[in-house]
Amino acid sequence: MSKIGHDELGQILDRITDPADRKSTSQVCKGWWLIEAQSRTSLRVNDPHHLPRLLARYPNLTTFETPRGMSNADLALVAQSCPKLEAFILDDISISVEIGRQGMRALGYTYPYRVGDEDALGISNDEAHEILRVVNEVGDQGLCALADGCPKLSKIVLRRTGAGLLGIMTMITSAAHNLTHLDLEGCSLVTDQVLEAIGSSSCPIRILSLRFCSEITDAGLRFLANGSCSKTMEQLNLSSCREITDDGVLLLCNMCVLEELDLRYCNQLTDIGGQAISTIRTLKKLNLDCLFNLTEETFVAVAENCINLEVLNLQQCHVTAASIDAFLGHKCLRCLNLFCCISHDIKGSTLESLALGCPSLESIVVHRTWRQRLVQDMQENTVSRFLKFWFN
């Protein structure tokens with residue numbers, strides 16, 4: 001091994017992409033160890049206490065990810081050590097996993113975590129408060145340091161953090177020319193000011209998630225719709241932004257390349273907004289879960305106008321057989337989710353006609369309690385090929 005130069009070692013290591021294999025390779029000898037450290041571009045840190053050692057070992061990182069809370073000091077260290085960083089991902093699952101929904105409610109923290117978290121209890125209130133304290137430290141100071149030290153950022157993910165408004169806006173402004181992916185899911189301090197910063201900048205943003213950002217309103221969507229990002233936005237997640245109304249959704253029609261739109265739990269929407277959505281002909285994925293005010297008018301309009309639609313989620317919506325029939329002959333629809341939808345006239349024959357009359361269709365999702373009512377009117381091979389039975 002001593003006769004092989006670093007360049008040759010580097011060329012060999014470039015052919016190894018599996019992280020586990022690269023780790024094993026680095027343990028062969030000191031030469032491999034050094035080359036692996038110099039050539040690694042991504043790092044996931046599960047324990048921030050190891051940050052100083054890890055960042056010193058890997059000087060050429062372009063992607064940094066952690067599922068844990070980070071303090072301002074941690075963020076400043078990342079900024080200082082990783083000037084080439086292009087993707088920063090802070091998905092703080094530690095709260096939901098370690099405390100759980102009931103534990104968070106006991107502390108007066110009402111963020112809506114994933115289903116199943118309520119079983120993940122088992123730590124003391126003091127430990128829970130400590131986790132929240134660390135998360136809430138992710139404020140303006142740390143994010144501003146990251147913005148200053150990592151000017152090449154194109155992907156920023158700050159989920160379930162106490163990220164400060166000023167810090168978030170500084171990161172957006174600093175990364176304006178590069179930013180293509182911004183995920184602020186569950187950041188409770190995000191307001192329309194953030195959307196104004198995006199809309200007034202030259203961000204070539206393609207993916208934006210504002211899920212559970214409850215302060216977002218129609219005014220914020222106006223900034224997006226009138227900004228340059230309306231020409232680049234491909235994916236927009238507004239799930240649980242409950243202040244959004246039909247007026248805000250009407251503005252989304254200005255987004256000329258939008259392919260994925262998530263409006264789950266935007267409960268104020270009616271058929272006015274629903275029919276406006278149907279005019280976005282570029283849509284490929286549309287999520288209308290729990291929009292109880294939508295009716296057949298919206299679903300028929302979507303079927304007729306969204307000719308590129310591939311995935312449609314109508315969970316817990318009021319769906320009629322006529323709504324389903326409207327998709328007969330649709331050329332692109334692959335998946336229709338009717339799980340827990342409210343319907344009194346959908347029969348097996350309705351879904352069989354859809355399965356046979358929609359050439360691109362791959363699956364129809366329904367509640368398992370519908371099985372007996374549907375299968376008696378359907379051919380067995382149609383049931384096995386198309387129907388997916390879910391349960392709560």
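**Exercise 1.** Find what the buried residues of helix H15 pack against.

*Solution.* Start with the helix itself: H15 covers residues 296-305, where helices (H or I, at least four residues) and strands (E, at least two) are DSSP runs numbered from the N terminus. Next, pick out its buried residues (under 20% relative accessible area, 1.4 Å probe, protein chains only; exposed is over 50%, partly exposed in between). These are Thr-298, Phe-299, Ala-301, Val-302 and Ala-303. Finally, look for contacts, meaning heavy atoms within 4.5 Å. The buried residues of H15 pack against helix H14 (271-277), strand S9 (285-287) and helix H16 (321-325).

A note on the model: it is predicted, so local features need pLDDT of at least 70 and side-chain atom pairs count only at pLDDT 80 or more, while totals for chains, interfaces and linings use all residues. Residues are numbered from 1 along each chain as its sequence is written, and side-chain values use heavy atoms, leaving out hydrogens and water.

**Exercise 2.** Work out which strands S2 is joined to, and by which residues.

*Solution.* Strands pair if DSSP finds at least two bridges between them. On one side, three bridges join S2 (residues 63-66) to the parallel strand S1 (residues 42-44), with Leu-43 opposite Phe-64. Then take S3 (residues 87-91): four bridges join this parallel strand to S2, and Leu-90 is the bridge partner of Thr-66. Now check the faces: Phe-64 and Thr-66 form the covered face of S2, Thr-63 and Glu-65 the uncovered one.

**Exercise 3.** Is Gly-199 buried or exposed?

*Solution.* Locate Gly-199 in helix H11 (residues 192-200). Its relative accessibility is 13%, so Gly-199 counts as buried.
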